[in-house]
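Subject: Structure for your review

Dear colleague,

I am passing on the structure that follows, together with notes on what was found in it. Please read the notes with the coordinates open beside them.

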Amino acid sequence: MTAQRPARIYLDHAATTPPDPAVVEAMLPYLTTRWHNPSSIYVEAQEARRAIDDARATVALHLGARAEEIVFTSGGSEADNLALRGVLGATRQRGRHLVISAVEHHAILDPAEQLERDGLAEVTRVAPGPDGRVDPTAVEAAVRDDTVLVSVMHANNEVGAVNDIAAISRLVHAKNPRTAVHTDAVQSAAHLGVSVDRLGVDLMTVTAHKLYGPRGAGALYLRGGTPLAGQILGGGQERRLRAGTEDTAAIVGFARAIAIAAERREADLSHDRHLQARLIEELPRRVPLLAITGPRDLDHRLPGNVSCCAGFVEGESILLALDLAGIAASSGSACTTGSVEPSHVLVAMGVPDDLARGSLRFTLGRQNTDADVDRLLEVLPGAIARLRALSPIPVTEPPASWLPWLAS
Ligand SMILES: Cc1ncc(COP(=O)(O)O)c(C=O)c1O
């Protein structure tokens, strides 16, 4: 008789979400019988073209945009790269100043750095407050006459901080009407609903696989009249802004997923908020020397996001212990060539490096239950206590620099 494997608990929805069964069902025909190239002339190809047109209309509807303002991409990274390189490439005569926040995803940080290195951009990075939110007036202050683009994320993927993008757009446009405003709404689109007019943005990035859709489809919203130079050249697809034979199945799945997310928004929100509030309340009570990071006010925090740092222990070790106990979670650290660097987000927020090394991120989703939260609360305190007991770093009184974080 084989022992049954206990059910695993998935607490990493900010990394990716399980595709909704209705999404998979909508995609299947385009993988099996309607697989034709949408650019071809025959009837089957025209059906694939129509499916993409319908998907574009659906995605546009849910972003409050017009269909012709949607550029399908392979996902969030590509849309972020297209926004930065595309706007800077199209506005060279006017300027090359770019304003971003210091806590952006690497899909913004890295192209910005490369554009800077290549002499194609001058970049101002705006620091966040200690809760990870970016002050709109600090963004406004960074804007100059030659600023061609401002890019600030709607919600941070590590600490869940939600920025006031409407205020940022208003202030930036008032100071320099020729500056385009982009927001990376990859994390927020599922939870908050993202209307481009309410946010006041000229460009916006979304991706399907964070809203219970498939990998391989995302979009850049591009407000009519915003200059953008295509970055992938070739077959002229997506109005010459993104060449490449379209992934019809992924695009159809994306549209189905965004429609389901809109239908379920209220139910998902209250479900994710309930589980999130329980963990934010209970974790610091059950685990000594644990600081919740990110906004404490849930109105400014992405539903389902619980990020924290445990002192005197490495986040990666905790993740391995949780994995063995059947719980999948993540940390904010980028593990490169064996050394664990503290997350750039936590460092920018001012979290001391030694505390930031114990960072953890739990992100809850549709399938999680109160029993999952109970199980994490049961497993985590013991796992951390065991790791601290084994640690070569002596567990002492917390350094003074940790105290404001432990108290908040
Ligand atoms: C805020 C943010 N932007 C961009 C991306 C990249 O999106 P994709 O995985 O679709 O390329 C992610 C993915 O983790 C993200 O969290």
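Arg-375 is partly exposed at 31% relative accessibility, where buried means under 20% relative accessible area, exposed means over 50%, and partly exposed lies in between, with a 1.4 Å probe and protein chains only. Its side chain meets that of Glu-378 in a salt bridge at 2.9 Å, N to O, the term denoting a side-chain nitrogen of Lys or Arg within 4 Å of a carboxyl oxygen of Asp or Glu. Glu-378 and Arg-375 are three residues apart in helix α14, and so about one helical turn separates them; Glu-378 itself is exposed, with a relative accessible area of 55%. Helices (H or I, at least four residues) and strands (E, at least two) are DSSP runs numbered from the N terminus.

Before going further, please note that this is a predicted model, in which local features need pLDDT of at least 70 and side-chain atom pairs count only at pLDDT 80 or more, whereas totals for chains, interfaces and linings use all residues. Residues are numbered from 1 along each chain as its sequence is written, and side-chain values use heavy atoms, with hydrogens and water left out.

The structure holds 22 salt bridges. One of them joins Arg-366 and Asp-268, with the closest N and O atoms 2.9 Å apart. Arg-366 lies in the loop between β14 (359-363) and α14 (370-390), while Asp-268 belongs to helix α10 (residues 265-286), so the pair ties together parts that are 98 residues apart in sequence. Both partners are buried, Arg-366 at 13% relative accessibility and Asp-268 at 9%. Another salt bridge links the side chains of Glu-68 and Arg-66, again at 2.9 Å, N to O; here Glu-68 is partly exposed at 43%, as is Arg-66 at 45%.

On the surface, Val-24, Leu-28 and Leu-31 form a nonpolar patch with about 260 Å² of accessible area together. Areas come from the Shrake-Rupley method with a 1.4 Å probe, and for residues only the protein chains shown count as cover; patches are made of residues with over 30% relative accessible area and no salt bridge, like charges being joined within 9 Å and nonpolar side chains (Val, Leu, Ile, Met, Phe, Trp, Tyr) within 5 Å. Leu-31 is in helix α1 (residues 21-32) and is exposed, with a relative accessible area of 55%.

Glu-238, in the loop between β8 (218-222) and α9 (248-263), has a positive phi near 50 degrees without being a glycine, and Glu-238 is buried at 8% relative accessible area. Leu-289, also not a glycine, has a positive phi of about 60 degrees; Leu-289 lies in the loop between α10 and β9 (290-293) and is partly exposed at 21%.
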